[in-house]
Amino acid sequence: MDDVALSFQLEVVVVGVEGLKSVTANKIIYCTIEVEGEGKLQSEHMEASKAVWNTQGDFTLAHPLPVVKLKLYAENAGMLALEDKELGKLTLHPNPHSPQVAELHQMVVAKNSPDQNLKMKVICRMESPPNMKHCGYLYALGKVAWKKWKKRYHVLYEVADKLYALCSFKEKKEKKLENNESILLDGYFVDYIEPNKAQLMVGTQIKGGSHFFSATKEGDTVLFATEDEKECRSWVAALYKSTGQSHKPAPSSTSKSDNNVNSTPNKSGNNTGSTAVKR
């Protein structure tokens with residue numbers, strides 16, 4: 001599957017800045033909003049003492065992990081000025097699960113700048129397309145797709161009526177996010193899997209993930225994992241609805257009590273996590 005029919009609506013609102021000390025109160029400043037690969041917008045110019053914009057930028061995206069770049073400038077009004085002065089910059093990575101409220105973010109400034117506490121208040125609202133059913137980070141290993149155990153951002157969406165696909169996205173070196181690999185879920189059977197069986201499927205020590213489930217069909221088995229039990233249950237429930245299978249998955253008592261395949265026994269015979277601190 002090469003084409004992913006997804007359309008996300010991203011709304012970026014720059015509310016204002018705090019901690020600006022390097023310019024006078026009447027200095028004209030402005031900010032820019034850029035979503036990589038999607039365009040760049042500029043706020044209105046105003047005095048530093050009134051640095052409250054509520055400038056909004058609206059973008060339509062084909063992927064769920066945009067890179068948003070914001071910069072603050074001071075207008076250089078001199079006759080011989082070549083360009084305006086950059087006061088600070090900020091890079092955000094919103095996704096469909098990001099908080100949709102105003103948040104203060106520390107801006108990156110020059111080492112010798114008096115604006116070391118410069119912050120920008122931003123709202124990033126991301127509206128998911130109606131055909132998207134679930135999304136989030138998953139570890140995955142399969143035969144057809146995801147042939148290396150790795151954490152990727154996955155999106156479950158409806159391709160056509162009652163036909164669903166699971167697609168992963170990755171960030172390339174040039175910071176452009178594109179769909180990586182995907183499978184059609186028709187014919188797959190989804191169920192929870194015990195940690196010891198997951199370990200056998202991978203064949204080596206599993207690094208990452210502690211709650212496991214799988215999707216199986218003739219010729220392919222995909223092992224998945226999450227860090228959080230609640231997230232694992234939500235993924236299994238969403239995939240179960242998408243496969244159309246009659247069997248409703250239920251976690252086993254073993255997977256509930258022993259979900260850390262990286263654990264090692266201590267002297268008392270109890271399991272301790274691999275990151276346990278010696279006392």
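Biologist: Phenylalanine 224: buried or exposed?
Modeller: This is a predicted model, and in it phenylalanine 224 is buried, with a relative accessible area of 1%. Anything under 20% counts as buried.

Biologist: What about phenylalanine 213, buried or exposed?
Modeller: Phenylalanine 213 is buried too, and its relative accessible area is 0%.

Biologist: OK, rings next. How many aromatic pairs does the structure hold?
Modeller: There are 6 aromatic pairs in the structure. Take tyrosine 139 and tryptophan 149: their ring centres are 5.7 Å apart and the planes sit at 15°, so that pair is stacked.

Biologist: Where do tyrosine 139 and tryptophan 149 lie?
Modeller: Tyrosine 139 is in strand 10, while tryptophan 149 is in the loop between strand 10 and strand 11, so the pair ties together parts that are 10 residues apart in sequence. Tyrosine 139 counts as buried at 13% relative accessibility, and tryptophan 149 is buried as well, at 15%.

Biologist: And what do phenylalanine 213 and phenylalanine 224 form?
Modeller: Those two make a stacked aromatic pair, 5.1 Å from centre to centre with 20° between the planes. The pair links distant parts of the chain, with phenylalanine 213 in strand 15 (residues 211-217) and phenylalanine 224 in strand 16 (residues 220-226), 11 residues apart.

Biologist: Which residues form one aromatic cluster?
Modeller: Tyr139, Trp149 and Phe212 come together as one cluster.

Biologist: Switching to charges. How many salt bridges does the structure hold?
Modeller: It has 5 salt bridges. In one of them, the side chains of glutamate 36 and lysine 69 meet at 2.7 Å, N to O. Glutamate 36 lies in the loop between strand 2 (28-35) and strand 3 (39-42), and lysine 69 is in strand 6 (residues 68-74), so the pair ties together parts 33 residues apart in sequence.

Biologist: Glutamate 36, buried or exposed?
Modeller: Glutamate 36 is buried, with a relative accessible area of 15%. Lysine 69, on the other hand, counts as partly exposed at 30%.

Biologist: Where do glutamate 229 and arginine 233 lie?
Modeller: Both are in helix 2 (residues 229-243), 4 residues apart, which is about one turn of the helix. Glutamate 229 counts as partly exposed at 33% relative accessibility, and arginine 233 counts as partly exposed at 34%.

Biologist: Over how many bridges do strand 1 and strand 9 pair?
Modeller: Strand 1 and strand 9 (residues 119-127) pair over 9 bridges, in the antiparallel sense. Valine 14 stands opposite valine 122 of strand 9.

Biologist: Last one: how many residues has the largest nonpolar core?
Modeller: That core has 40 residues, and Val12, Trp53, Leu70, Leu72 and Met120 have the most contacts inside it. Strand 1 (residues 8-18) gives the most to this core, with 5 residues. Apart from it lies another core of 21 residues, including Ala145 and Val236.

Biologist: What is leucine 70 in contact with?
Modeller: Setting aside neighbours within four places in sequence, the contacts of leucine 70 include Val12, Val14, Ile33, Met120 and Val122.

Definitions and conventions: Residues numbered from 1 in each chain as written. Predicted model: local features only at pLDDT ≥ 70, side-chain atom pairs only at ≥ 80, totals over all residues. Heavy atoms only, no water. Core = buried A, V, L, I, M, F, W, Y, C linked by side-chain atoms within 4.5 Å. Buried < 20%, exposed > 50% of the residue type's maximum accessible area, 1.4 Å probe, protein only. Helix = DSSP H or I, 4+ residues; strand = E, 2+ residues; numbered from the N terminus. Contact = heavy atoms within 4.5 Å. Salt bridge = Lys/Arg side-chain N within 4 Å of Asp/Glu carboxyl O. Pairing = 2+ DSSP bridges. Phe/Tyr/Trp six-rings, centres within 6.5 Å; stacked < 30°, edge-to-face > 60°.
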